[in-house]
Amino acid sequence: MAALKLPLQTEMGGVSFMDSSRATFHPLKVGIHAMRKDEGMSCMKRVSCSMQQGPPPAWPGRAVSEPGRKSWDGPKPISIVGSTGSIGTQTLDIVAENPDKFRVVALAAGSNVTLLADQVKTFRPQLVAVRNESLLGELKEALADADYKPIIIIGEEGVVEVARHPDAVTVVTGIVGCAGLKPTVAAIEAGKDIALANKETLIAGGPFVLPLAHKHNVKILPADSEHSAIFQCIQGLPEGALRRIILTASGGAFRDWDVERLKEVKVADALKHPNWNMGKKITVDSATLFNKGLEVIEAHYLFGAEYDDVEIVIHPQSIIHSMIETQDSSVLAQLGWPDMRLPILYTLSWPERIYCSEKTWPRLDLCKLGSLTFKAPDNVKYPSMDLAYAAGRAGGTMTGVLSAANEKAVELFIDEKISYLDIFKVVEATCDAHRNELVLHPTLEEIIHYDLWARDFAANLKLSSGLSPVPV
């Protein structure tokens, strides 16, 4: 495995992109005037105060339900985009357990037509979409013996139609990557609340999606455990009460490794998560802590917190899913066993709480659990944190470029084309190359364009002894 000769900021005098890192936040060379909080800032330390004009947050430091918002009778009608993936199947488990609370009106999947057909037979949606157009015949054949036949629309058009189905009140967005952006936008324009499980919707699309959601009075409800924890903690807070967000992280495969050992990391090492058995991409992201860096950006977009007011703490037990601090220094936390069904359920039931049987939803027993421990993350071991804070402060298309470059770098690492430490170098080099093309208020087309550009740039970095990436 060859190593890229692209130095990290810690190995040289500093790469210009990292000048916007958390520790030293200087003006970027793209026309953004960024300042430290002690440089002429005259505002109270509340999350509503912003250093630069960004999109309106989904939940500006508090969450209050609106009376009279319910617009349906009987079980709540939902659509699921990405029904055969992890988020989709867990959502359907919830529907199956609570048929008096939820019903499925539309399903969209990518290529797993066998599972999709089984879902159709069980949940009887009105509309079904399969993104892979070549699989239409296979889906029809799988449904040949079904006593119920839904409408089927193929391709991206079908996925969009599922997202904006007229009967759906909430759309669960479980498609991975920027492929989930267009159906999410379609759902928002149709006035559907979003159960958000697609990171790119905000990390890449935040500058476009958030103003659109406000325009259509759409609620964006986080379905990942960390942001759901924050969302649960801010319920009913008075305006201006939020002071700080504390994101918890397991620390991943290398939380107990010395920094010096990281140059020896093999793919198998990075895939040994101490707590969970997950997919390769998310497991590597947990090892690098890029998953948490991306969650910092999401927290900023969701809750309006400044980047100085979003912190990461290593919590090996993964029982506290995240915390908030209020202005009077009280700290509120949401605890529970690591189970994605709970945050998904809350996006569907909010502002209500639905009873769950302890047979299928084990209850937390703190006495059996014992101790909960915490430690500060090591910025040298996890350069991803500084990269994520820098991208967040740059704003605009930079956050999407960061996410896309990381996704490509992880793919290259898993394929053993680059080393573990090269992941950080590839991401930094890609973000640095994007500085002069940064778009602060991008259109949807520009967001998708730079997502593709970042993947291509990262994939084509050439082994070089210079200080800059050399595209092939």
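This is a predicted model: local features need pLDDT of at least 70, side-chain atom pairs count only at pLDDT 80 or more; totals for chains, interfaces and linings use all residues.

Reply: Strands E1 (residues 76-81) and E5 (residues 170-173) pair in the parallel sense over four bridges; pairing here takes at least two DSSP bridges between two strands. One partner in E5 to look for is Thr173, which bridges to Val81. Residues count from 1 along each chain as its sequence is written, and side-chain values use heavy atoms, leaving out hydrogens and water.

Zoom out and you get an open sheet of seven strands, ordered E4-E3-E2-E1-E5-E6-E7, with parallel pairing. At the edges, E4 (151-154) and E7 (220-222) each pair on one side only. Helix H1 (residues 86-97) lies across E1, E2 (102-109) and E5, with contact meaning heavy atoms within 4.5 Å. H1 runs at about 160° to E2; axes are lines fitted to C-alpha atoms, for helices over the stretch in contact, and angles run from 0 to 180 degrees between N-to-C directions.

Now the salt bridge: Glu66 and Lys219 meet at 3.0 Å, N to O (the rule is a Lys or Arg side-chain nitrogen within 4 Å of an Asp or Glu carboxyl oxygen). Glu66 sits in the segment before E1 and Lys219 in the loop between helix H7 (206-215) and E7, 153 residues apart. Lys219 is buried at 13% relative accessible area, whereas Glu66 is partly exposed at 33%; buried means under 20%, exposed over 50%, partly exposed in between, with a 1.4 Å probe and protein chains only.

Methods:
Helices (H or I, at least four residues) and strands (E, at least two) are DSSP runs, numbered from the N terminus.
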